[in-house]
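Reader: I am new to this structure. Could you take me through how its strands are arranged?

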Amino acid sequence: MIYLQAFDVGEYGLGFSASELRSPEDCRGSVYSMDMVNHDMNGKPSILKNTLCIFEEDSGMLWRKMDPITQRVVSARSQRLVITFIATLSNYDYQFKWLFYQDASIKVEVGLSGIVSQNLFGGDGYQGPHATKILPNVVAQNHQHFFVARLDTEIDGNKNTASAVDVVADSSTYHIHNTLILIFLWETNACASCLPFIPFLE
Ligand SMILES: [Cu+2]
């Protein structure tokens, strides 16, 4: 196989690289472990033993309220459901966690740990902005990792509407950017800008 670029997920195969999970280091508490069904390089199904685990864990405070008059406090902890697997790709272990909360929010966490990616460097060695020299002829190149997830939830069927709520300045003249609830008819409508005061791109 020829690797054109270091697309870890697409070229190495994230599913192929799933590693067996071990409790309690990888998954804590009351753990439900599962095998994953994957496919091999020829498209044939293969079983990856004990590579997916499901468990619950504390995730901070769900809500709290103190009555200022009576000084009574009522609070509740949040439990989140974790579905996780770990893929070992060369020098890294990637942990993927899908997190389901009691307030109906869903999050994805991706974590990497391991050792730095290294290259040999000839001559007198490297001194420059593109890598860190870690031994006389060995460098760890500077690079980034990007993770992109696309959610197609289909909760309760396909008649759902995706929307976002944003707080914008009031104005006497109507403008789309003053709308508090934005309905997304197309995926591109959901693009958001990181710049302040420009809540959504059209
Ligand atoms: Cu890397």
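**The sheet and its strands**

Author: Strand 6 (residues 118-120) pairs with strand 8 (residues 138-141) in the antiparallel sense, over three bridges. Strands here are DSSP runs of E with at least two residues, numbered from the N terminus, and two strands pair if DSSP finds at least two bridges between them. This is a predicted model, in which local features need pLDDT of at least 70, side-chain atom pairs count only at pLDDT 80 or more, and totals for chains, interfaces and linings use all residues. Residues are numbered from 1 along each chain as its sequence is written.

Reader: Which residue in strand 8 does Asn 119 stand opposite?

Author: Asn 119 faces Val 139.

Reader: And how many bridges join strand 7 to strand 8?

Author: Strand 7 (residues 131-135) is joined to strand 8 by four bridges, and the two run antiparallel. Thr 132 has Ala 140 as its bridge partner, while Leu 135 stands opposite Val 138. Strands 7 and 8 form a hairpin with two residues between them.

Reader: What is the order of the strands in the sheet?

Author: The order is 6-8-7, in an open sheet of three strands with antiparallel pairing. Strand 6 and strand 7 each have a single partner strand, so one side of each is left without a neighbour in the sheet.

Reader: What does the twist average from one strand to the next?

Author: The average is 35°, with axes as lines fitted to C-alpha atoms and angles running from 0 to 180 degrees between N-to-C directions.
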